[in-house]
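Hello,

I am passing a structure on to you, and my notes on it follow below.

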Amino acid sequence: MKTENHIHNKDRLSDLPDSLILHILSFLNIKQAIHTCVLSSRWKNLWKYVPTLTLIGSQFATVEIFTEFVSRILSLRDNSTELHTLELRRHKVMEPFLLETILKYAVSHNVQRLDIGVTCEIQHFPTCLLSCRTLTYLDLYVSHPTVYGTTILFPSSLDMPVLTSLGLWHFAFSVGNDGRADPFSALTSLKSLNIVYCEVVNEQKLCISSTKLVNLYIYMVHYAPKTYFGIELSAPNLCTFVFSGIPVQKLCWSKRDLSSIKRVSIDIIEFWKSQETSLVLLDWLFELVNMESLIVSSTTLQVLSLVPNLLFELPSLCNLKSLRVEKKQISSIPDEIVDILIQNSPSPKPGVLLVRNKAVYEEIEGPLMDLQL
């Protein structure tokens, strides 16, 4: 009996190697990780070697407490341990000195993944971050500190040679003398790009130029006509195109670039239904005619049904192998629209998977998208 109790009470977690324990601790925010130091003498300093750092400003009552906590963490953390991942959340105004201290620390410790959501001015970001040589993943959400809803002017260019995934929220892109904004041309390793609520200064053209880009996600819903802009795409290896919002952006594609797109997802928001929008959507389908899989929301099908003589106008989706319809709660699927979509698809016809009450963009986790159809 004594032996059984001994086995039952044995601390199996502490028997794990340090590498595995550190991996487990990396899923906790830093406050939670520090709390494990009371478990035993072995755990006392383990948190100092965790390769991830999650700092959530809302967990602290005052700015002063948060600032002091962060300063102590950075000073006590093992200086020889590289920082693989940094997540920083501060919805109240971020103190420039603290932001600069955190980001400089991350860059100096060879950070690879940055997930940042802060309220500040973009000029408070240290220049070393904009030319980080180790960063592979960056998700950047910056809110204006004084005017709610105001977009932040994005740096004219980034020099991150190994960055493969980029997510940008609420930014405005400035244009050059040629009337084009081209902020991604120096990102030679970029494979996934997520643009949410972004715009171009003076309603000019946004150039998305990347030879290695595979996944492109664009989410645009809240714009007045004055903020519309064109998108010039030069991405010969693009495979997945996901769009949510209002399809009013003028798309300038080359046939060479479009031929590589095999997976498409389109979700048009409920309140934006017009014949003008339907014709834009029809043009998109003509350009994306080589796709093999398609996800559409029921609102998208409603917009498409507004095209006059749709049966005769719709292009032949000869390569379509998979069709998925996301049925939203307050919308219906127009009669025969699915049959029209797949009328010229290869035989046997693709299966149609109907998912109710779930928007396309709710299924996609983060900027790195890989739609498994």
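**Strand β9 and its neighbours**

Strand β9 and strand β12 (residues 215-220) pair in the parallel sense, with 5 bridges between them. Helices (H or I, at least four residues) and strands (E, at least two) are DSSP runs, numbered from the N terminus, and two strands pair if DSSP finds at least two bridges between them. In this pairing, Ile195 stands opposite Ile218 in β12.

Before going further, a word on the source: this is a predicted model, in which local features need pLDDT of at least 70 and side-chain atom pairs count only at pLDDT 80 or more, while totals for chains, interfaces and linings use all residues. Residues are numbered from 1 along each chain as its sequence is written, and side-chain values use heavy atoms, with hydrogens and water left out.

Back to β9, which spans residues 192-196. Strand β6 (residues 165-169) also runs parallel to β9, and 5 bridges join the two. Here Gly167 stands opposite Asn194 in β9.

Is β9 covered or open? It is mostly covered, as 5 of its 5 residues are buried. Buried means under 20% relative accessible area, exposed means over 50%, and partly exposed lies in between (1.4 Å probe, protein chains only). Both faces of the strand are covered: Ser192, Asn194 and Val196 are buried on one side, and Leu193 and Ile195 on the other.

Asn194 deserves a look of its own. Its place is in strand β9, and it has a relative accessible area of 2%, so it counts as buried. The C-alpha atoms of Asn194 and Leu216 are separated by 6.2 Å, although these residues are 22 positions apart along the chain.

For context, most residues other than glycine have a negative phi.

**The chain as a whole**

The chain has 11 helices and 19 strands. Of its 373 residues, 50% are buried. Among contacts with a separation of 6 or more, 72% are between residues 24 or more positions apart; contact means heavy atoms within 4.5 Å.

**Two helices side by side**

Next, please find helix α4 (residues 63-76) and helix α5 (residues 96-108), whose axes come within 11 Å and cross at roughly 20 degrees. Axes are lines fitted to C-alpha atoms, for helices over the stretch in contact, and angles run from 0 to 180 degrees between N-to-C directions. The two helices are therefore roughly parallel to each other (angles under 35 degrees count as roughly parallel).

Which residues of α4 and α5 meet? Phe66, Thr67, Val70 and Leu74 in α4 meet Leu98, Thr101, Ile102 and Tyr105 in α5. By class, this contact has 6 nonpolar, 2 polar and no charged residues. Ala, Val, Leu, Ile, Met, Phe, Trp, Tyr, Cys and Pro count as nonpolar, Asp, Glu, Lys and Arg as charged, and the others, Gly among them, as polar.

**A sheet of 3 strands**

There is also an open sheet of 3 strands, in the order β5-β7-β10, with parallel pairing. β5 (152-153) and β10 (199-200) stand at its edges with a single partner strand each, so one side of each is left without a neighbour in the sheet. β5 is joined to strand β7 (residues 171-173) by 2 bridges, and Ile152 stands opposite Phe171 in β7.

The loop between β5 and β6 holds Val162, which counts as partly exposed at 34% relative accessibility. Leaving aside residues up to four places away in sequence, Val162 touches Arg133, Thr134, Leu135, Thr136 and Ser189.

**Further along the chain**

Strand β17 (residues 293-297) pairs with β18 in the parallel sense over 5 bridges, and Val296 stands opposite Val325 in β18. In strand β18 (residues 322-327), 5 of the 6 residues are buried, so the strand is largely enclosed by the rest of the structure.

Finally, Asn309 sits in the loop between α9 (298-304) and α10 (310-313). It has a positive phi of about 55 degrees although it is not a glycine, and at 56% relative accessibility it counts as exposed.

Best wishes

Methods: Parallel < 35°, antiparallel > 145°, perpendicular 65-115°, else oblique.
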